[in-house]
Amino acid sequence: MAEVKLFRTWSSRFALRIVWALKLKGVPYETIYEDLSNKSPLLLQYNPIHKKVPVLVHNGKPIAESLVILEYIDETWKENPLLPEDPLERAAARFWAKFIDEKVLPSVWESFTNDGKEQEEAIVKAKENLKYLEEELKGKKFFRGEKLGLADIALGWLACYGSSVFEDVAGMILLTEEEFPLLSAWKLTFADAPIIKDNWPSIDKLVAKFQATREDQLLKKAPK
C-alpha cells in the first residue's frame with residue numbers, strides 16, 4: 001500500500017500542481033480519481049470542510065488545499081526544492097503563488113465565463129494582473145530563476161489551459177508574444193520541461209469539458 005495517496009480529478013488544474021510537485025521530487029504515490037458529482041466517503045472524510053480535490057494523504061494523514069500541499073511536499077521531501085533558502089525569496093515566492101490564485105486565476109476565469117462587453121472588461125483586468133507577472137519575470141527563466149519553483153507550479157495551468165483551452169473555447173486572446181514576451185517564453189519553457197509535458201491531461205478532453213462548462217456558465221448568467 002502506497003504511503004502517499006493523491007485524491008484528484010483528471011481535469012483539476014489544482015490537483016495537477018500536486019502531480020508535478022510529486023514527480024519533480026521523485027515521490028511514488030497512488031492516484032485516486034474522484035467523481036465530484038458523487039464524492040467518495042473517503043474524500044468527505046479527508047476533506048470535510050471544503051469537500052473538494054486535491055487532497056494528499058501521507059501515512060494516513062490528509063492535507064488539503066493545493067498551495068498548502070505544495071509547501072508540505074517541499075518540507076517533507078527535500079529533493080529539488082520548490083522554495084529557495086533565503087527567507088525574503090521564500091516570502092516573495094509565497095506572495096506570487098497567492099497572487100496567482102487570488103487575482104490572476106479569478107480574472108482569467110471571469111474572462112472565460114463571460115462574453116460581449118463583460119468579457120472585454122474582464123480581459124482588461126486579467127491583462128493588468130498578467131502584467132505584474134511579466135514584470136516579475138525580467139531577467140529570469142522561471143519565477144525562481146533557473147529552476148522551477150512554487151510560483152511556476154502555481155501558474156502552470158496557464159501553460160496548459162490558457163491558449164490551448166480557455167482562449168480557443170472562449171474565442172479570446174489574453175497572452176501574445178508582442179504584449180507579454182517574457183510570459184510567452186516562460187509558458188513554452190515550462191511546458192517543455194519533461195515532468196510537465198509528460199503529465200498533461202488530454203487537450204481534446206479539456207476542450208470538450210470546458211466548452212460545456214462555459215456554455216453552462218453563460219446560460220446561468222443569461223437574462224431570464
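Glu102 and Lys98 are separated by about one helical turn, because they stand 4 residues apart in helix H4. The two residues form a salt bridge in this predicted model, with their closest N and O atoms 4.0 Å apart. The structure holds 10 salt bridges, and two others described below also involve residues of helix H4.

- Glu102 is exposed, since its relative accessible area of 51% falls over the 50% cut-off.
- Lys98, the partner of Glu102, is partly exposed at a relative accessible area of 46%.

- Glu71 and Arg94 are joined through their side chains in a salt bridge, with an N to O distance of 3.0 Å.
- This pair links distant parts of the chain: Glu71 belongs to helix H3 (residues 66-76) and Arg94 to helix H4, 23 residues apart.
- Arg94 counts as partly exposed, with 32% relative accessibility.

- A salt bridge of 3.1 Å (N to O) connects the side chains of Glu110 and Lys125.
- Here too the pair links distant parts of the chain, with Glu110 in helix H4 and Lys125 in helix H5, 15 residues apart.
- Both partners are partly exposed: Glu110 has a relative accessible area of 31%, and Lys125 has 39%.

**Negative patch on the surface**
- A patch of negative charge on the surface gathers Asp115, Glu118, Glu120 and Glu121.
- Asp115 is located in the loop between helix H4 (87-112) and helix H5 (116-136).
- Asp115 has a relative accessible area of 41% and is therefore partly exposed; this value meets the patch requirement of over 30%.

**Overall fold and dimensions**
- The protein chain has 9 helices and 4 strands.
- Along the sequence, these elements follow the pattern β-α-β-α-β-β-α-α-α-α-α-α-α.
- The radius of gyration of the protein chain is 18 Å, close to the 17 Å that the globule rule gives for 224 residues, so the chain is as compact as a globular protein of that length.
- Taken along the principal axes, the box filled by the C-alpha atoms is roughly 50 × 45 × 30 Å.
- Of the 224 residues in the protein chain, 46% count as buried.

Terms used
Residues are numbered from 1 along each chain as its sequence is written. This is a predicted model: local features need pLDDT of at least 70, side-chain atom pairs count only at pLDDT 80 or more; totals for chains, interfaces and linings use all residues. Side-chain values use heavy atoms; hydrogens and water are left out. Patches are made of residues with over 30% relative accessible area and no salt bridge: like charges are joined within 9 Å, nonpolar side chains (Val, Leu, Ile, Met, Phe, Trp, Tyr) within 5 Å. Accessible areas come from the Shrake-Rupley method with a 1.4 Å probe; for residues, only the protein chains shown count as cover. Lys and Arg count as positive and Asp and Glu as negative; His and the chain ends are not counted. The place of a charge is taken as NZ of Lys, CZ of Arg, CG of Asp or CD of Glu. Buried means under 20% relative accessible area, exposed over 50%, partly exposed in between (1.4 Å probe, protein chains only). The radius of gyration is taken over C-alpha atoms; the globule rule is 2.2 Å times the number of residues to the power 0.38.
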